[in-house]
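The sequence and model come first.

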Amino acid sequence: RTSEYDGGQDGSVTTCLEKKFQEKEEKYLDLCKELAEVATSMEIIQATFIIGIKGTIMEKQWIENLKMLKIEDEMEQVITDCIIQELEAQHMLWIAKKKEGNQGRPRKAGPREAGTRRSKGARYRHATKGEKRLK
């Protein structure tokens, strides 16, 4: 999972995803070589799947990788399921951040929760016991 906004000089979604794809290909290349040396009776292949936080994918790479993994029959459903799962996960993160407030701190109580009221367009809050009215 990556942000569609990271890395691209031109700011394009495709450039950002391609950059992350390249990073992952390079990151796991040595691991694949080591696995191939250890598991000589097995075929070791690397299938890199990148999905953006808004569900954007590099469809050509996904199709090539799924064919390489011999998942051609269910390809459309696999892609759809992955995108849905990413968007659901992103939604849950957004909800959690909204509950926490900014920078991971607990959300501050709003005017109604804190025992104060604001009327639309008011320039002061209603005073509580022992306070002077502020303008």
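How many helices and strands does the chain have? The chain has 3 helices and 0 strands, and its pattern along the sequence is α-α-α. Helices (H or I, at least four residues) and strands (E, at least two) are DSSP runs, numbered from the N terminus.

The model is predicted: local features need pLDDT of at least 70, side-chain atom pairs count only at pLDDT 80 or more, and totals for chains, interfaces and linings use all residues. Residues are numbered from 1 along each chain as its sequence is written, and side-chain values use heavy atoms, with hydrogens and water left out.

**Burial and core**

Of the 135 residues in the chain, 19% are buried. Buried means under 20% relative accessible area, exposed over 50%, and partly exposed in between (1.4 Å probe, protein chains only). The largest nonpolar core consists of 6 residues: Ile 51, Ile 57, Trp 62, Leu 66, Met 75 and Ile 79. Helices α2 (59-68) and α3 (75-100) each contribute at least two residues to this core. A nonpolar core is a set of buried Ala, Val, Leu, Ile, Met, Phe, Trp, Tyr and Cys residues joined through side-chain atoms within 4.5 Å.

Apart from neighbours within four places in sequence, Ile 79 contacts Ile 57, Trp 62, Ile 63 and Leu 66. Contact means heavy atoms within 4.5 Å. Among contacts between residues at least 6 apart in sequence, 38% link residues at least 24 apart.

**Surface and helix α1**

The chain has an accessible surface of about 11100 Å², and 51% of this belongs to carbon and sulfur atoms. Areas come from the Shrake-Rupley method with a 1.4 Å probe; for residues, only the protein chains shown count as cover.

Leu 35 is in helix α1 (residues 13-38). In the salt bridge between Lys 20 and Glu 23, the N to O distance is 3.2 Å. Both residues also lie in helix α1, 3 residues apart, about one turn of the helix. The count comes to 1 salt bridge, defined as a side-chain nitrogen of Lys or Arg within 4 Å of a carboxyl oxygen of Asp or Glu.

**Cysteines**

A search of the whole structure gives 0 disulfides (pairs of cysteine sulfur atoms within 2.5 Å).

| Residue | Relative accessible area | Class |
|---|---|---|
| Lys 20 | 23% | partly exposed |
| Glu 23 | 35% | partly exposed |
| Cys 32 | 16% | buried |
| Leu 35 | 41% | partly exposed |
| Cys 82 | 28% | partly exposed |
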